[in-house]
Amino acid sequence: MDNCIFCKIAAKQIPASIVYEDEDLLAFKDINPAAPVHLLLIPKRHVASLSDCDDSHTDMLGKLLRLAPKLAAEFGCAVTYDADGTPAGGFKTMLNSGPNGGQEVYHLHMHVYGGPRPWRGQH
């Protein structure tokens, strides 16, 4: 995709604060964060939205979902448990699909939000 900003970031044509990269995925800090931790995880191969995924995307989607908690932990947002089993900490993931789903960039991406609340727009 010639005009896709996330394809350009994946191709290193546009700089980004990259926090993870492998042969299939790239993760970087959001330039307009809505939370103390706000990462974007993208496949390097262009897929417009989650609605465009099919069985050929299953492995990539699994890697994307598995990467989210790993990066959340690296950035101090892991879910932890007190001695009595009470959960603490944590993070939120979000995939927007289509205009009514709030998607602004038409390249599949997962938001990972974390850190002390309130976050922008979420009290």
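How far apart are the mean positions of the positive and negative charges of the protein chain? The mean positions of the 11 positive and 14 negative charges lie 5 Å apart. Lys and Arg count as positive and Asp and Glu as negative, while His and the chain ends are not counted. Each charge is placed at NZ of Lys, CZ of Arg, CG of Asp or CD of Glu.

## Basis of the model

This is a predicted model, in which local features need pLDDT of at least 70 and side-chain atom pairs count only at pLDDT 80 or more, while totals for chains, interfaces and linings use all residues. Residues are numbered from 1 along each chain as its sequence is written, and side-chain values use heavy atoms, with hydrogens and water left out.

## Overall fold

The protein chain has 2 helices and 7 strands, in the sequence order α-β-β-β-α-β-β-β-β. Its radius of gyration is 15 Å, close to the 14 Å that the globule rule gives for 123 residues, so the chain is as compact as a globular protein of that length. The radius is taken over C-alpha atoms, and the rule is 2.2 Å times the number of residues to the power 0.38. Helices (H or I, at least four residues) and strands (E, at least two) are DSSP runs, numbered from the N terminus.

The C-alpha atoms fill a box of roughly 50 × 30 × 30 Å along the principal axes. Of the 123 residues, 36% count as buried, meaning under 20% relative accessible area, with exposed over 50% and partly exposed in between (1.4 Å probe, protein chains only).

Phe28 belongs to strand β2, which spans residues 25-29. Phe28 counts as buried because its relative accessibility is 3%. Leaving aside neighbours within four places in sequence, Phe28 is in contact (heavy atoms within 4.5 Å) with residues including Phe6, Ile9, Val19, His38 and Leu40.

Ala10 is 18 residues from Phe28 in sequence, and their C-alpha atoms are 9.9 Å apart. Across the protein chain, among contacts between residues at least 6 apart in sequence, 50% join residues at least 24 apart.

## Cysteines

A disulfide is a covalent bond between the sulfur atoms of two cysteines. Here the term is applied to a pair of cysteine sulfur atoms within 2.5 Å. A search of the whole structure finds 0 disulfides.
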